[in-house]
Every structure is written in C-alpha cells, then in structure tokens.
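Welcome! Take a moment to look over the sequence and the model, and then we will walk through a few of its features together.

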Amino acid sequence: METNQENSPLTQMRKSVQKLGSSTENYSEATLMRFLVARSMEPEKAAKMFVQWQKWRASLVPNGFIADSEVPDELEARKIYLQGLSTKGHPLMIVKGSKHYPSKDHLQFKKFVAHLLDKTIASSPKEREIGNEKLIGILDLQHISYKNVDVRGLITGFQFLQAYYPERLAKCFLLHMPWFFESIWKMISRFLDKATLEKIVIVTNEDERTKFIKEVGEETLPEEYGGKAKLRALQDVQLAPLDD
C-alpha cells in the first residue's frame, strides 16, 4: 500500500510534522489524508496546516470538546438544528438566519462554531469518529433582516471550515436568499477559497429545489423544506459518548 511506502505523501507528511516539533501519533490516516487533500497532496503544506490545527484545538478546545455550558448565549437562540443523515450518510445541520444576531462575545461565538461542527461530525453513523466524515449544511435566509446580517460571523464560520475542518464540508445549500443579501454574499465569497465555493449551492428555482431535496433526502429534511422530518434543535440531540 502507498501508505507504507517511504516516499508516499502520507509518510512525508508525518516526517514534516515531526520536523515542525509535533506528532501525528494517535491520529488516523483518514484524518491526515484530509489535510493532504486540502493542500493538493503536498506533504509540507499539509504538515503545516495540521500543526496549525493542533495548536488551534489546544487553544480553543483544550478539553477535546466544548460543553453546552460554555456557549449558553448562542444555544439560547435555538438557531441550529441537527437532523440526521442525508441519502449519502452525511450529517445534516441547518442554520436559521432569522434567529441569529451578531454576537457581542466573539470568543463564545468561535467556541460555538467549533461546538456545532464537532457535534455535527460526531453524529455520523459510525460508533466512533474515523476522521473522514463530511457534513451538509443548510443556511436558511428566510425572513432575515439587516439586524440578522453578521458578515464577521459568516466569514468566521467558513474560515473555520477551511482552516480547521478541511474536507469536512460535503455541500452547503443557501435557501431563500433575499435580494439585499446578494451583495453581502459577494463580499463574503471573496474570503472563501475555490474548493469551498464549489461546494456551495444557492437554491433559486424549482429545478434546483428538487435536486436539493433529492440530495439531502426526504426522511432527513424537515417538512418546511419539502421533507418529512421534524426540526431538532442542536442542544436537544443527545449523542452516545465515543469510546476511548
């Protein structure tokens, strides 16, 4: 197998991580491969990204997870929903933009982003995280007004995905985008890399809506979006603890 070859990208990445003063011990090949893919299979660049991710986790998530008690203000709005698995087995997360307001506590908001992404990934069908799980996100912009617009928050969310959750996003659907948000989205898009933009779909017509429903799956999609499921707030979803 390539992973056992001395000159394979994975082996070279492990060596580069060691040179940077860190270690890949206790991390699965699936996890390391996400960083390699995100950096076009270039070991040194992947190693740098991996080490930066380790430092970020150690700083923002020192306990390995962020408890509900650390993000009370963000949870109180009940604006994030965790719905189960798509037709391809990807956990589905929904953000209701009309229930969001720019946070006064940006550190808590950053923790909340990590909290919701970690919990969404952990809701995959496996008994424990393998490292290559992807998620589907829905950003519902129906009924939003200018007071709900949070450019910094959206940029933070997408930049977290790009820098610290590489190859975790399977697809992101934007629904009910109002006319005034189009220029805002163009500005936000400048901060997103090509790989991320290619995974974002703005649903604007019936044909795109039909494809969206088919890709997510009626059994997982809430009724208000054309499916059969009920909305489940993030904090109401209980996950079995991962085995050590």
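This is a predicted model: local features need pLDDT of at least 70, side-chain atom pairs count only at pLDDT 80 or more; totals for chains, interfaces and linings use all residues.

Residues are numbered from 1 along each chain as its sequence is written, and side-chain values use heavy atoms, leaving out hydrogens and water.

**The strands**

E2 and E3 pair in the parallel sense over five bridges; strands are DSSP runs of E with at least two residues, helices are runs of H or I with at least four, and both are numbered from the N terminus. Two strands pair if DSSP finds at least two bridges between them. E2 also pairs with strand E1 (residues 80-85), here in the antiparallel sense over four bridges. Valine 95 in E2 is the bridge partner of isoleucine 80. Five residues lie between the strands in the hairpin of E1 and E2, where glycine 89 takes a positive phi near 85°. Of the six residues of E2, five are buried (buried is under 20% relative accessible area, exposed over 50%, partly exposed in between, with a 1.4 Å probe and protein chains only).

**The cavity**

How many cavities of 30 Å³ or more does a search of the whole structure find? The search finds one. A cavity is a set of points on a 1 Å grid over the protein atoms alone where a 1.4 Å probe fits but cannot get out, and its lining residues have an atom within 4 Å of a point. The lining has 28 residues, and Val95, Leu139, Gly153, Leu154 and Gly157 lie nearest the centre. Among the elements that give two or more residues to this lining are strand E2 (91-96), strand E3 (135-140) and helix H6 (151-164).

**The aromatic pairs**

The structure holds 13 aromatic pairs. Rings of Phe, Tyr and Trp (its six-membered ring) pair if their centres lie within 6.5 Å; planes under 30 degrees apart count as stacked, over 60 as edge-to-face and the rest as tilted. Here are two of the pairs:

| Pair | Centre distance | Plane angle | Class |
|---|---|---|---|
| Tryptophan 56 and tyrosine 164 | 4.2 Å | 5° | stacked |
| Tryptophan 179 and phenylalanine 180 | 6.0 Å | 85° | edge-to-face |

Tryptophan 56 is buried at 10% relative accessible area, while tyrosine 164 is partly exposed at 22%. Tryptophan 179 is exposed at 68%, whereas phenylalanine 180 is buried at 10%.

Methods. On a 1 Å grid over the protein atoms alone, a cavity is a set of points where a 1.4 Å probe fits but cannot get out, and a pocket is an open set with protein on both sides within 12 Å along at least five of seven lines; lining residues have an atom within 4 Å of a point. Grid points are joined across faces, edges and corners, and a volume is the space filled by probe spheres set on the points.
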